[in-house]
Each structure stands twice: as structure tokens, then as C-alpha cells.
Amino acid sequence: MDAVWLTQEAYDKLAQELEHLKTEGRPAISAKIGAARAEGDLSENGGYHAAREEQGQMEGRIRQLEVMLRDAQVGESPESSDQVAVGSQVTVAYGDDDDDTEAFLLGAREMLGLDADIDTQVYSPQSLLGQAVIGAHIGDKVSYVAPNGRTIELRILDVKPFGV
């Protein structure tokens, strides 16, 4: 798995979520399962099956957080700059058409935080688009070859630190 780039703040929030799931989430789910099991016949016990499903989802999230935090590269959002870096909000125009634009975060969705706008587009620095734009400056034209073999050309319109 590729490393996930996180700000210290995002790393701390994810570590706090992991700690909460391990110390409070697990005992709460165990109590739900125990209470549902005490009701008797498990084959038709909807509460028991729902609690077991919730337990599975929580354990999956715990494993995901452990891997993410283990492999995380922690750093700060870039200072104000005209150069694209991990943690930048980037606006690009496709081709020569200033009407065909896209704004995105170059980094990891986890940088957005738990209460983030889910409509924010995020591209990994390891993605084809991420590799094409990283290091570019406002006004630069860059291109990359999409998986379908088509060359995508774009121009960097704006770069700002994430959250500004």
C-alpha cells in the first residue's frame, strides 16, 4: 500500500478515532451482542445479527486506521506558494478551455477530516493526475496519459494551501 500523506492534525484525529474505537467502541458492541444473545434464539434475533454486523464494520475500520497510521507520512500543509505540492488545493483547466475547470485536493481524503464536505474531489500524489501536477507552478501546462491511452492536457490556474 502506498503511504498516505496526512497533516499532523489529521493524523491526531485519526489516532483519536482509533483509540475511541478500541477503548469505548469494542466494549459497547460486546455489551450489545451480550444483551441480544441473552434474548434467546439467535437464528431469528435481528438485534444480535445487527450488532454482529456493526462489530464487523468497526473491526474493519480499526484495521484500516491501524494500517493508515502505520504507513502515514506526516507533514504540514504547504505554505502559500504558486507551486503544487501535497496538501495543495489545485484548480486546473483542461486543454485551452478556461470553462472546463476542476478544483481538487492533492493528498488523501483523510486530510479533509471526519466532518468534511464529501463532494471535495481528492487525488493521490501517486495518481496519474497527481504525478502530472506535483511540482508544477501556476500557468504551467502539464499532461499525462490516461488508462484509456488518451493524453490529457491541463493548465494550472490556482494553487493554495489546503483549508485556505
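Visitor: Which residues have the most contacts inside the largest nonpolar core?
Guide: Bearing in mind that this is a predicted model, the largest nonpolar core has 18 residues, and those with the most contacts inside it are V84, V92, F104, L129, V133, L154 and I156. At least two residues of this core come from each of β3, β4, α3 (128–133), β6 and β7, and the largest share, four residues, is supplied by β7.

Visitor: And what does V133 touch?
Guide: Leaving aside residues up to four places away in sequence, V133 is in contact with V84, F104, L106, V142, L154 and I156.

Visitor: Which residues are in the second core?
Guide: That core is separate and has 15 residues, among them I33, A51, M58 and L69.

Visitor: OK, strands now. Why is β3 described as largely enclosed?
Guide: Strand β3 covers residues 88–94, and five of its seven residues are buried, so the strand is largely enclosed by the rest of the structure.

Visitor: Which way does β3 run relative to β7, and how many bridges join them?
Guide: The two run antiparallel, with seven bridges joining β3 to β7, the strand of residues 151–161, and in this pairing S88 stands opposite P161 of β7. Strand β3 is also joined to β4 by five bridges, again in an antiparallel arrangement, where A93 stands opposite T101 of β4.

Visitor: What's in the hairpin of β3 and β4?
Guide: Six residues lie between those strands, and G95 in this hairpin takes a positive phi near 65°.

Visitor: And how is β6 joined to β7?
Guide: Strand β6, residues 141–145, runs antiparallel to β7 and is joined to it by five bridges, with V142 standing opposite L154 in β7. These two strands form a hairpin that has five residues between them, and G149 in its turn has a positive phi of about 95°.

Visitor: Switching to rings: how many aromatic pairs are there?
Guide: The count comes to one aromatic pair, formed by F104 and Y123, which are edge-to-face at 5.0 Å centre to centre with 90° between the planes. The pair links distant parts of the chain, since F104 belongs to strand β4 (residues 101–106) and Y123 to strand β5 (residues 122–123), 19 residues apart.

Visitor: Are F104 and Y123 buried or exposed?
Guide: Both F104 and Y123 are buried, and F104 is also one of the residues with the most contacts inside the largest nonpolar core.

Technical notes
Residues are numbered from 1 along each chain as its sequence is written. This is a predicted model: local features need pLDDT of at least 70, side-chain atom pairs count only at pLDDT 80 or more; totals for chains, interfaces and linings use all residues. Side-chain values use heavy atoms; hydrogens and water are left out. Rings of Phe, Tyr and Trp (its six-membered ring) pair if their centres lie within 6.5 Å; planes under 30 degrees apart count as stacked, over 60 as edge-to-face and the rest as tilted. Buried means under 20% relative accessible area, exposed over 50%, partly exposed in between (1.4 Å probe, protein chains only). Two strands pair if DSSP finds at least two bridges between them. A nonpolar core is a set of buried Ala, Val, Leu, Ile, Met, Phe, Trp, Tyr and Cys residues joined through side-chain atoms within 4.5 Å. Contact means heavy atoms within 4.5 Å.
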